[in-house]
Amino acid sequence: MPRRKPPEHQAFGELLTQGILAVGRAQGLSVKQVQDEIGDVVDRGGDAIERWREGRRPPNLDMLLKTADFLVKRSRSTLDAVWLRAFL
């Protein structure tokens, strides 16, 4: 089984997916539901978040910070400072 790269060496899309999955586990939500909620927070549709998961970054810093805040808070502290530093 391949080893996971440490967060600081992962691509943005991989880190976003990890965050979405962490929120999904913590809140009992599907990936689509989490993406839609992030979309609501940043005034975009869930499909924009899907594109971010494919490697595109949010178009501005405000969206990135709102997304990070949402993921960390809603994951119930399962995302650590190393993850957050790499994500930002």
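**Entry 1: the whole chain.** I reminded myself at the start that this is a predicted model. I then counted secondary structure and found five helices and zero strands. Walking along the sequence, I wrote the pattern down as α-α-α-α-α. The chain has 88 residues, and 38% of them are buried. I also looked up the accessible surface, which comes to about 5400 Å², with 52% of that belonging to carbon and sulfur atoms. For contacts with a separation of 6 or more, I noted that 56% are between residues 24 or more positions apart.

**Entry 2: H2 against H3.** Next I wanted to see how two of the helices meet. Two packed helices are described by the angle between their axes and the distance between the axes. I took helix H2, residues 31–41, and helix H3, residues 46–53; their axes come within 7 Å and cross at roughly 105 degrees. An angle of 65 to 115 degrees counts as roughly perpendicular, so H2 is roughly perpendicular to H3. I listed who meets whom: from H2, Val31, Gln35, Asp36, Ile38 and Gly39, and from H3, Gly46, Ile49, Glu50 and Arg53. Sorted by class, this contact of H2 with H3 has three nonpolar, three polar and three charged residues.

**Entry 3: the aromatics.** How many aromatic pairs does the structure hold? I found two. In one of them, Trp83 and Phe87 are stacked, with 4.8 Å centre to centre and 15 degrees between the planes. Both residues sit in helix H5 (residues 81–87), four residues apart, about one turn of the helix. I checked accessibility for each: Trp83 has a relative value of 2%, so Trp83 counts as buried. Phe87 comes out at 0%, so Phe87 is buried too.

Technical notes:
Residues are numbered from 1 along each chain as its sequence is written. This is a predicted model: local features need pLDDT of at least 70, side-chain atom pairs count only at pLDDT 80 or more; totals for chains, interfaces and linings use all residues. Side-chain values use heavy atoms; hydrogens and water are left out. Axes are lines fitted to C-alpha atoms, for helices over the stretch in contact, and angles run from 0 to 180 degrees between N-to-C directions. Helices (H or I, at least four residues) and strands (E, at least two) are DSSP runs, numbered from the N terminus. Angles under 35 degrees count as roughly parallel, over 145 as roughly antiparallel, 65 to 115 as roughly perpendicular and the rest as oblique. Contact means heavy atoms within 4.5 Å. Ala, Val, Leu, Ile, Met, Phe, Trp, Tyr, Cys and Pro count as nonpolar, Asp, Glu, Lys and Arg as charged, and the others, Gly among them, as polar. Buried means under 20% relative accessible area, exposed over 50%, partly exposed in between (1.4 Å probe, protein chains only). Accessible areas come from the Shrake-Rupley method with a 1.4 Å probe; for residues, only the protein chains shown count as cover. Rings of Phe, Tyr and Trp (its six-membered ring) pair if their centres lie within 6.5 Å; planes under 30 degrees apart count as stacked, over 60 as edge-to-face and the rest as tilted.
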